[in-house]
Amino acid sequence: MFVEQLSVFLENKAGRLDEVLSVISNSGINIVSISLADTADFGVLRMLCSDPFKAHALLKDTGITSKVNEVIVVSIPQAVGSLKAVVKRLNEEGLNIQYVYGLSLNDDGASIALKTDDLQKTIEILQNENVRLYNQEEISKL
Amino acid sequence: MIWNESKECMSRDQLEELQSKRLVKTVNRVYHNVEYYRKKMQELGLEPGDIKDIHDIEKLPFTTYEDLKITYPFGLSAVPTSELIRVHASSGTTGKPKIGVYTRRDIEIWSEAVARCLAMAGITRDDIIQVGYGYGLFTGGLGAHYGAEYLGAMVIPMSTGNTKKLIDMMIDCKATAIACTPSYLLHVAEDIEKYDVLDKIHLRTAICGAEPWTDEMRDQMEKRLNIKAYDIYGLTEICGPGVACDCEYHKGLHIWEDHFYPEIINPTTMKQEAEGVTGEMVITNLTKEGMPLLRYRTRDLTSLQYGKCECGRTMARIQRFKGRTDDMLIIRGVNVFPSQVEAALLTIDGTTPHYMLVVDRVDNKDTLEVQVEVAEKVFTDEVSGLEKLSEEIHQKLKGAIGLNAKVRLVEPNGLEHFDGKSKHVIDKRKLYE
C-alpha cells in the first residue's frame with residue numbers, strides 16, 4: 001500500500017526547480033503532487049509522479065541527486081477533527097511523523113502524503129481507520 | 001628605536017663575514033649531528049670543508065616540507081633531547097604537522113629577533129602590550145610573548161577568542177600596543193566602534209602578522225584606531241614570528257640576516273635570482289641549535305631589496321608577497337591545506353570528496369565556506385538527515401583544520417571548476433595584489 005515518492009536534492013538558487021521539472025515533464029511523466037522542504041542553503045523536493053523510477057534515472061543522467069523512497073498516501077474524510085483523529089492514533093502507537101504534506105487526488109476526502117519512522121506499522125493502523133489508502137498503481141493512473 | 005644597532009646596521013662586508021662564519025659552523029654541526037643532512041650532503045658529494053663562506057650556500061641541498069615529514073618529529077634535531085626545551089608546530093598538508101624544536105639559546109635568539117621587531121615598531125619597555133595570538137603549539141602567542149618580555153614591555157597574554165574581554169583589558173590596563181593577526185585587529189576595531197569606546201583606549205601601535213595583508217588594510221586600521229601598524233613575518237620551521245618586520249618607512253620587511261639567511265630562487269631552475277627579481281624565498285638558519293634548517297623552501301613568492309634603509313638598518317628587505325608556490329591558505333592566521341579538508345571528508349562514509357573551499361573576508365574577518373557535493377549515497381529525503389550530515393562535516397573539519405567552517409551542501413557538478421592554482425579553492429580576499 002505504499003507510494004513511491006521521488007525526493008530531489010536542490011540548491012537554493014534560481015532555475016533549479018524549473019530544470020528538475022523540465023527533465024521529468026519532457027519524458028511524459030505526470031507529476032501528481034509536489035512539496036518543497038527548504039533550509040537556508042538547500043531544499044528537498046518531494047513529489048509523487050506516474051513513474052518515479054524512470055524520473056529518478058532521468059535525473060541521474062542529468063547529474064541531479066535524487067532517490068525513491070516509500071511514503072503513505074491517505075485520503076481522510078472531509079470533516080472537522082478527522083485528520084486530528086488519525087494523527088492522534090499514530091501518536092498513541094508511538095509513531096513519529098517525519099513529514100506530511102497535502103495533495104489533491106480529486107476524491108471526496110482530504111489527501112495527505114505521510115512519512116513515519118515505521119511505515120509498515122502505520123499502514124496496519126490506518127487500515128483499521130475510516131480512511132482510504134492509495135497505492136502507487138492508483139497514483140500512476142491519475 | 002634600533003634594538004641592536006651593532007647587528008641591525010652592520011656594513012654588508014661585516015655582515016657577510018659574520019654570515020660566513022655562522023654558516024660554516026652550522027653546516028659542520030648538521031653534518032656531524034644530523035644523519036639526514038649528512039646523507040643529503042654526501043649524495044651531492046659535499047663535505048663541510050666545501051663550504052667556506054656564505055657564497056658557497058648555493059652548493060647546499062634544499063630542505064622542503066617533504067623532508068620535515070620524513071624526519072618527523074625529531075629527525076632533524078642537531079642536539080640531544082636534554083638540550084631541547086620547547087616544541088612548536090603548525091599544520092602540514094596532511095596528518096603530520098610542521099614542527100620546530102628549540103634549545104634555551106634558540107628561544108633567546110628568537111626572543112631577541114621579536115624584540116628587534118617590536119623596537120622597530122617603536123615599542124619600548126614602557127609599553128603595555130596585548131598578545132592576541134593563540135597561545136599553544138602555534139608560535140604566534142608564545143613568540144610575541146617572549147619577545148615582548150625580552151624587550152621589557154609588560155605583556156597581557158590575552159590569547160584569542162574573547163574580543164570583549166580583550167577590549168575591556170585594553171581600556172582598564174591602558175594597553176599601548178597589540179600583537180595579533182591583521183584581520184583580527186580590524187575585527188577588534190569594529191567592536192571598539194560598536195561599543196563606542198574609541199576615546200577610552202590608549203593603543204598606539206599594532207604589530208600584525210601570521211597572514212598576508214595589504215597597504216589598504218594598514219591604512220584602514222591606522223585611521224580607525226589612530227595607531228601605527230607594522231607587519232611582522234615568520235614561520236614555525238625557521239623559529240616563528242620575528243624573522244622579519246617592517247620599519248616606519250614601510251619599504252619592505254627587514255629580515256634578520258645575521259640569524260636567518262634569505263635567498264630568492266627560481267622555483268623551476270632552482271637557481272638564485274638577482275636583487276629585485278621575484279622568486280621563492282629560501283631561508284637558512286645561521287644560529288639555530290635545536291633544528292637548524294639549510295635552505296628551507298618557504299613557498300612564499302617575493303623579492304629582496306638590499307642597501308641601507310632610511311631607518312638606518314642595513315638588513316635586506318623582503319618585498320611585498322606575491323603569493324605561494326603551493327596551495328596553502330592562511331585563514332585567520334591558521335595554515336590550511338585543501339588536502340587536509342579532503343582527508344577529513346574521506347573519513348565520512350559516503351561523501352565523495354568533491355569539495356570547494358571558498359575563502360572570503362567579510363567585515364574584515366576571514367570566512368571559510370566548505371562546499372560539499374551531495375552524492376546519491378548520502379542523500380536522504382529527510383531534511384534532518386542532511387542537516388546531521390552537514391554538522392558531521394563541520395565537526396570533522398574543525399578537528400582537522402582547527403577552524404569553524406560554514407558547510408554548504410551543494411548539488412553534484414554544481415561546483416565551479418576553473419583553471420587556477422587549485423580547482424578546490426576560491427579565494428576572494430585578494431591578498432596578493
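In the predicted model, the contact between the two chains brings together 16 residues of chain A and 16 residues of chain B. On the side of chain A that touches chain B, strand E1 (3-11), strand E3 (42-49) and strand E4 (66-76) of chain A each supply at least two residues, and E1(A) gives the most, with four residues. By class, this side of chain A has five nonpolar, seven polar and four charged residues.

Within chain B, nine strands form an open sheet of mixed pairing, in the order E4-E3-E5-E6-E7-E8-E9-E14-E13. Strand E4 (154-157) and strand E13 (304-305) of chain B stand at the edges and have a single partner strand each, so that one side of each is left without a neighbour in the sheet. Strand E3 (residues 128-131) and strand E5 (residues 177-180) of chain B run parallel and are joined by three bridges, and B:Val131 has B:Ala179 in E5(B) as its bridge partner.

Two helices of chain B lie across strands of chain B: helix H5 (residues 104-120) lies across strand E6 (205-209), strand E7 (228-235), strand E8 (240-246) and strand E9 (253-255), running at about 30° to E8(B), whereas helix H6 (residues 139-151) lies across E3, E4, E5, E7 and E8, running at about 65° to E8(B).

The axes of helix H7 (residues 163-172) and helix H8 (residues 182-194) of chain B come within 10 Å and cross at roughly 70°; H7(B) and H8(B) are therefore roughly perpendicular to each other. In this contact, B:Thr163, B:Leu166 and B:Ile167 of H7(B) meet B:His187, B:Val188, B:Asp191 and B:Ile192 of H8(B), a set that divides into four nonpolar, two polar and one charged.

Terms used. Residues are numbered from 1 along each chain as its sequence is written. Chains are lettered from A and ligands numbered from 1 in the order in which they are written. This is a predicted model: local features need pLDDT of at least 70, side-chain atom pairs count only at pLDDT 80 or more; totals for chains, interfaces and linings use all residues. Two residues are in contact if their C-beta atoms, placed from the backbone, lie within 7 Å. Ala, Val, Leu, Ile, Met, Phe, Trp, Tyr, Cys and Pro count as nonpolar, Asp, Glu, Lys and Arg as charged, and the others, Gly among them, as polar. Axes are lines fitted to C-alpha atoms, for helices over the stretch in contact, and angles run from 0 to 180 degrees between N-to-C directions. Angles under 35 degrees count as roughly parallel, over 145 as roughly antiparallel, 65 to 115 as roughly perpendicular and the rest as oblique. Two strands pair if DSSP finds at least two bridges between them.
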